[in-house]
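This report walks through one protein model, beginning with a single helix and widening to the whole chain. Please keep the sequence and the coordinates at hand while reading.

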Amino acid sequence: MPVATPTSAPIGYAIVGASSFAQFCLDAYRGIPDLRPVAVWSRSFDHAAAFAERNGLVAHPHLHGLLADPGVTLVHVASTPERHAPDALAALASGRHVLVEKPLATSLLDGARLVGAARANDVRLGVDFMMRFGPLWRPVATILEEALLGAPIRADVLNCAGDDGLPEDHWFWDPQRSGGILIEHGVHFLDLLGSWFGPGRVTHGYAVPRPGADIIDQVGCEVRHADAVTVGHYHGFHQSRQLDRQQVRIVCELGELVLEGWVADRLRIRAVLSDAALLRLRTLLEQALPGVRVEVQRTLDGEDRRGSRRAGQPTLDHVVAADWASPHDQQQVYAEALAALMRDMLQAVRDPEHHVRVSGEDGLAALRLAVAGAPAASSAAA
């Protein structure tokens with residue numbers, strides 16, 4: 001049975017893990033009036049005690065002590081990936097609602113156990129895929145749903161990440177602890193693209209070892225969504241932090257969208273549109289993205305007004321470019337996305353009719369793709 005949810009008082013929150021990321025999350029949540037941080041547990045009690053002192057929390061020496069705390073309604077599992085399943089299972093079994101960091105687990109069996117435990121205990125299970133709460137997720141979803149640029153055909157994820165904070169003995173490189181790059185990290189993008197294009201299946205995967213080192217620092221796979229859109233995923237951890245960069249490019253029948261940033265904070269669109277589609281696109285973007293620039297670069301005439309044969313050759317009127325960049329830096333965009341995810345989780349805890357935007361089932365679907373890509377990647381690297 002779930003623990004009782006306060007009827008009006010803020011919901012008591014505990015975090016499992018006392019890392020710098022746990023601190024980042026806690027800082028991001030400070031402006032949420034319906035959340036009351038109360039407790040922390042870490043496998044290192046010294047770390048937990050220092051974290052608790054900084055943040056005015058209670059540090060528990062044992063996880064079962066935290067889960068026996070009557071003031072805790074929601075547990076955020078922010079331990080290392082190999083600990084997600086056991087820590088979250090314990091929290092779910094205690095009747096707590098649980099938010100798990102990505103990945104949901106490092107194996108499909110454990111991921112399925114978490115989903116089953118949430119159902120059995122009638123509690124909410126969410127996954128921290130905060131990209132779905134960034135400023136561009138919904139406008140891009142609407143553009144694709146309404147086919148304003150025609151049907152989507154192809155997408156590519158290019159993630160060139162910094163590695164200067166990842167020495168070769170870091171847990172990130174150990175597949176027994178992290179699951180490997182595609183499971184530990186790639187699930188973010190597998191979920192993001194799946195949220196736009198629907199269920200997918202892996203058709204190919206690969207991995208590249210770092211020269212002279214016993215680690216894999218590049219992985220990738222291709223995913224076919226709904227037998228309509230193929231998405232290529234590339235993740236490489238080999239850059240300096242100054243060049244850390246991410247891009248998602250979506251090619252449609254009548255144009256393309258390019259998103260940039262870890263939690264995407266810049267959008268560029270180039271398309272050929274009818275008058276009606278341009279009006280709808282302009283209205284949508286101006287409502288969602290203050291400061292966006294939508295420009296007609298050229299008005300078409302004669303045979304230039306024909307669209308592609310694949311798109312049914314609609315009559316087109318303009319070559320259009322749109323550009324938007326967040327006025328906030330990437331850390332603030334990231335923090336705001338985390339806060340939005342937490343507010344959604346809190347709404348689900350209070351309202352049985354509200355479904356979390358990113359559920360345990362979504363976490364399991366992304367994990368399934370990552371696991372399918374990882375063995376293929378391992379074979380390619382052998």
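How many of the nine residues of helix H6 (residues 137-145) are buried? Seven of the nine are, so that this helix is mostly covered, where buried means under 20% relative accessible area, exposed over 50% and partly exposed in between, with a 1.4 Å probe and protein chains only.

## Basis of the values

The model is a predicted one, in which local features need pLDDT of at least 70 and side-chain atom pairs count only at pLDDT 80 or more, while totals for chains, interfaces and linings use all residues. Residues are numbered from 1 along each chain as its sequence is written, and side-chain values use heavy atoms, with hydrogens and water left out.

## Helix H6 and its surroundings

The buried residues of H6 are Trp137, Pro139, Val140, Ala141, Thr142, Ile143 and Leu144. They pack against strand S7, helix H8 (181-197), strand S11, strand S12 (255-260), strand S13 (266-273) and helix H9 (275-288); contact here means heavy atoms within 4.5 Å. Helices (H or I, at least four residues) and strands (E, at least two) are DSSP runs, numbered from the N terminus. After H6 comes Ala147, with a positive phi near 55 degrees.

## Strand pairing

Strand S7 (residues 152-162) takes part in two pairings, and two strands are said to pair if DSSP finds at least two bridges between them. With strand S11 (residues 245-252) it runs antiparallel over eight bridges, and Pro152 stands opposite Cys252 in S11. With strand S10 (residues 229-239), S7 pairs in the parallel sense over nine bridges, and here Ala155 stands opposite Val231 in S10.

Elsewhere, six strands form an open sheet with parallel pairing, in the order S3-S2-S1-S4-S5-S6. Its edge strands are S3 (58-59) and S6, each of which pairs on one side only.

## Backbone exceptions

Most residues other than glycine have a negative phi, and most peptide bonds are trans. Against that background, the peptide bond between Lys102 and Pro103 is cis, with omega about -10 degrees, and Pro103 lies in the loop between strand S5 (97-100) and helix H5 (108-120).

Two further loop residues have a positive phi without being glycine. Asp122, with phi near 55 degrees, has its place in the loop between H5 and strand S6 (125-127), and its relative accessible area of 59% makes it exposed. Ala226, with phi of about 50 degrees, sits in the loop between strand S9 (216-225) and S10, and it too counts as exposed, at 54% relative accessibility.

Leaving aside neighbours within four places in sequence, Asp163 is in contact with Arg210, Phe237, His238 and Gln239.

Ser274 lies in the loop between S13 and H9. The C-alpha atom of Ser274 is separated by 8.2 Å from that of Pro314, 40 residues apart along the chain, and Ser274 touches Thr315, Leu316 and Asp317 when residues up to four places away in sequence are not counted.

## The whole protein

The protein has 11 helices and 15 strands. Its radius of gyration, taken over C-alpha atoms, is 22 Å, close to the 21 Å that the globule rule (2.2 Å times the number of residues to the power 0.38) gives for 382 residues, so the protein is as compact as a globular protein of that length. The C-alpha trace spans about 75 × 55 × 40 Å along its principal axes.

Buried residues make up 54% of the 382 residues, and among contacts with a separation of 6 or more, 71% are between residues 24 or more positions apart. The protein exposes about 16,700 Å², of which carbon and sulfur atoms supply 52%, the areas coming from the Shrake-Rupley method with a 1.4 Å probe.
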